[in-house]
Amino acid sequence: SQPIDLRLPTPGCYADPIKAGIDADAVFDGMTEHLFFTLGKLATSASLRDLYMALSYAVRDRLMTRYLASQEAIRAKPHKTVAYFSAEFLIGPQLNNNLLNLGIQEEAEEAVKRFGIESLNDILEVEEEPGLGNGGLGRLAACYMESLASLQVPAIGYGIRYEFGIFNQIIRDGWQIEVTDKWLKGGWPWELPQPDESCFVGFGGRTENYIDDQGNYRSRWIPSEHAIGVPHDIPILGYRVNNCDRLRLWRADATESFDFYAFNIGDYYGAVEEKVASETISKVLYPNDGTDEGRRLRLKQQHFFVSCSLQDMIRSLETRNIPVEQFSENWTVQLNDTHPAIAVAELMRLLIDNHHFEWDQAWDITNRSVAYTNHTLLPEALEKWDLNLFKSLLPRHLELIYEINKRFLQQVRLRYPGNDLILRKLSIIDEEGSKAVRMAHLATIGAHNVNGVAALHSDLIKRQLMPEFADLWPEKFTNVTNGVTPRRWVALSNPELASLLDQEIGSNWITNMDLLTQLEEKENDSNFLDVFGATKLLGKRKLAGYIHRQTGILVDPSTLFDVQVKRIHQYKRQHLNALQIIAQYLRIKNGTAHSIAPRTVIFGGKAAPGYLMAKLMIRFINGIAEVVNADPDMDGKLRVVFLPDYNVKLGEQVYSATDLSEQISTAGKEASGTGNMKFAMNGALTIGTLDGANVEIRDRVGKENFFLFGKTESEIMKLRKNGYDPKQYIEKSPELSEAIRLIELGHFSNGDNELFRPLLNSLTGYDPFFVMADFDDYLLAQDRVSKAWQNHKEWNRMALLNTARSGFFSSDRSIREYCSSIWKVNPLEVEITCNIN
Ligand code: KOT
């Protein structure tokens with residue numbers, strides 16, 4: 001390809017893809033200039049925050065050549081580009097990631113020292129992360145953007161610039177309190193507003209038919225409200241390449257800063273109200289992970305960002321003189337779950353109503369462009385929109401959906417003549433009870449590919465969730481097992497392990513995680529195992545310091561760090577872990593704890609604000625922590641910690657400091673999990689069920705290096721079918737009965753025997769997630785963990801094999817699979833010439 005010739009605004013040769021011509025002097029000078037001109041500060045009076053901002057701006061400057069050259073490359077020569085549509089992008093802190101990918105961490109370290117700062121870490125500490133996601137789904141989107149750029153694939157991530165991200169969590173008296181997340185308050189240096197590329201979006205109103213100038217019958221939508229989407233671009237630089245992709249997040253603005261007519265007739269508040277209503281669209285992220293709230297504002301958010309994004313994509317074709325007919329040759333749209341599924345109807349609307357395509361051609365373009373990733377089988381998470389609500393907000397889209405549905409059902413009729421049941425099952429419109437639009441059906445019908453996120457999950461989509469669809473279109477249903485980026489989840493978060501890997505196998509592992517298998521040669525190298533164990537201990541010491549500062553609890557880094565960090569959810573079964581702790585506590589109290597490993601059990605995670613049972617689970621864990629940590633009998637044997645406000649930044653400290661990873665969801669419920677992968681890469685052993693990607697992790701790391709327990713998905717199904725009674729399991733298990741009795745007595749609630757009643761009733765009554773059924777087997781697996789911990793050499797050997805065999809779970813591998821089997825896109829290497837010197 002032709003190198004891109006840019007008029008570079010700053011001197012220096014940018015052709016070196018590694019150091020980018022940036023040395024410590026350049027970073028220092030850049031910081032000095034930004035302190036003075038951008039921040040209005042003198043170096044002598046700059047705070048840590050000022051220095052963080054100055055360094056970030058200086059680094060952002062160094063991204064711009066690549067950012068512009070990457071866009072120029074597409075302009076110069078059309079190339080299919082990935083549009084990753086996601087309501088959430090949980091990107092985490094940006095500064096260190098950009099330093100790493102530019103290859104200037106050491107230069108930055110030296111530059112900040114010249115400002116009298118002891119370590120770059122002091123500055124990295126200041127960064128606030130944009131919490132624009134709930135958990136796994138949003139973090140996956142962020143890992144995928146980083147891998148796309150690193151693999152030199154042209155891509156844009158489209159989403160929403162929420163003013164308030166996921167709430168901050170504080171713990172008071174053991175309860176979760178939600179605090180507004182004001183991530184933008186001090187200014188956020190990583191975004192570039194692009195108001196010239198704003199888009200107009202409609203809502204509500206009505207549709208009408210008309211005859212155009214050529215005498216054609218057409219339909220159009222006359223919305224009653226509008227909002228403007230203002231794009232804010234975040235550069236996503238690939239690792240040591242010139243390719244710099246973008247996250248384009250839309251902020252909603254009012255169409256007029258005031259409705260002057262209303263203002264003039266004296267309705268001042270009415271005018272302001274409309275402005276406020278438009279701007280509310282991008283105000284706040286819905287804090288539900290895995291449940292669907294069905295709220296009008298949420299549907300507005302979805303249509304808002306999807307419409308802006310599709311308009312933006314069509315406009316980009318037009319400005320490059322590419323006919324809109326060639327949309328699907330130039331764009332591939334991935335729907336991250338059904339949150340952006342309205343894209344199917346919106347793209348049809350734009351093509352038919354605005355660009356005057358015939359139905360068949362519009363459908364062909366839509367279907368060729370769009371693919372859908374399903375992330376959950378939980379019925380409560382499958383999005384459904386009340387038909388009346390949908391109609392009142394998106395009347396034209398509903399007409400188009402009816403037409404899509406009519407044509408689809410005709411196909412179904414041909415395939416299954418006379419089978420009305422199947423028609424009702426597959427219809428986009430749910431006719432049972434109050435009518436609703438099923439977004440997963442719209443996405444599945446509109447897409448050319450539907451994938452699950454782990455082998456088991458993809459299989460269950462075909463066998464349980466959508467068997468009739470899979471029967472109709474067997475080749476449409478595929479699997480792409482999730483992955484996580486080794487840049488953030490090893491290199492940045494575990495620098496000690498990263499430099500050990502560099503020494504042992506060279507530094508190419510960071511872009512080729514399969515090279516980690518070379519570590520297997522070291523499995524019997526006693527010295528190496530000690531060094532490997534020592535890097536883990538360093539991580540544990542750091543985390544112990546953090547725990548002490550945050551919670552006042554002193555933990556011993558030589559104990560087994562047993563960690564469960566993830567959203568709090570019944571299906572993830574933090575309460576199973578909590579019950580296990582009570583059993584260990586009782587053993588210690590009763591003097592029957594013979595060979596149990598001294599443990600520090602660490603929890604972290606947020607509960608959706610309206611999910612009362614999850615909030616009670618947090619209270620429960622904290623109740624146990626309070627009793628255990630205050631009891632001298634537990635000293636040196638057991639500690640329990642609930643880490644408040646678990647987020648990406650905290651995750652970076654946790655994965656590298658973990659010995660045992662808790663992945664204990666009810667089989668069939670966790671679509672994949674991605675934390676499980678981060679732990680394994682960092683040499684934690686997993687205790688887990690055969691659920692989600694655990695299955696594949698175990699297959700890869702070896703079953704002897706994984707603590708398996710619990711019922712399989714098919715055993716769970718059978719239990720449910722044959723009438724599951726948790727009481728039978730409780731009666732058969734003395735340790736479980738005893739643990740439950742202690743909770744009932746109020747032992748973990750200062751004598752209050754009502755506090756945990758709802759939790760106990762659920763577990764002993766209906767137990768929807770089979771906690772009781774898996775308890776004994778879990779406890780046995782924990783005993784195997786304790787036994788394994790006695791032999792440190794052996795533990796380290798197993799841990800090493802986990803790291804060595806985790807290469808498959810790099811998001812680079814996942815993205816390569818998406819590129820070749822779903823998107824059919826190739827990399828486009830961005831070259832930059834040095835045209836100044
Ligand atoms: C569903 C509705 C609203 C918000 C989030 C979801 C959601 C989250 N659905 N699935 N997820 C998680 O996605 C991860 C990435 O694929 C999976 O690893 C995890 O198992 C899902 O629970």
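Domain bounds, as used in these legends, come from an automatic or database domain assignment. The structure is a predicted model, in which local features need pLDDT of at least 70 and side-chain atom pairs count only at pLDDT 80 or more, while totals for chains, interfaces and linings use all residues. Residues are numbered from 1 along each chain as its sequence is written.

**Figure 1. Domains of the chain.** The assignment gives domain 1 (1-77 + 94-128), domain 2 (78-92 + 129-481) and domain 3 (556-805). Taken over C-alpha atoms, the centres of domain 1 and domain 3 are 43 Å apart.

Figure 2. Lys 678 lies in helix α25 (residues 675-681); helices are DSSP runs (H or I, at least four residues), numbered from the N terminus. Lys 678 is buried because 30 other C-beta atoms lie within 10 Å, where buried requires 20 or more, exposed 12 or fewer, and partly exposed falls in between, with C-beta atoms placed from the backbone. Leaving aside residues up to four places away in sequence, Lys 678 touches Val 484, Trp 489 and Tyr 655; a contact requires C-beta atoms, placed from the backbone, within 7 Å.

**Figure 3. Asn 354 in helix α11.** Helix α11 (residues 343-354) contains Asn 354. Asn 354 counts as partly exposed because it has 13 C-beta neighbours inside 10 Å. The C-alpha atoms of Asn 354 and Phe 620 are separated by 56 Å, and the two residues are 266 residues apart along the chain.

Notes
Helix = DSSP H or I, 4+ residues; strand = E, 2+ residues; numbered from the N terminus. Contact = placed C-beta atoms within 7 Å.
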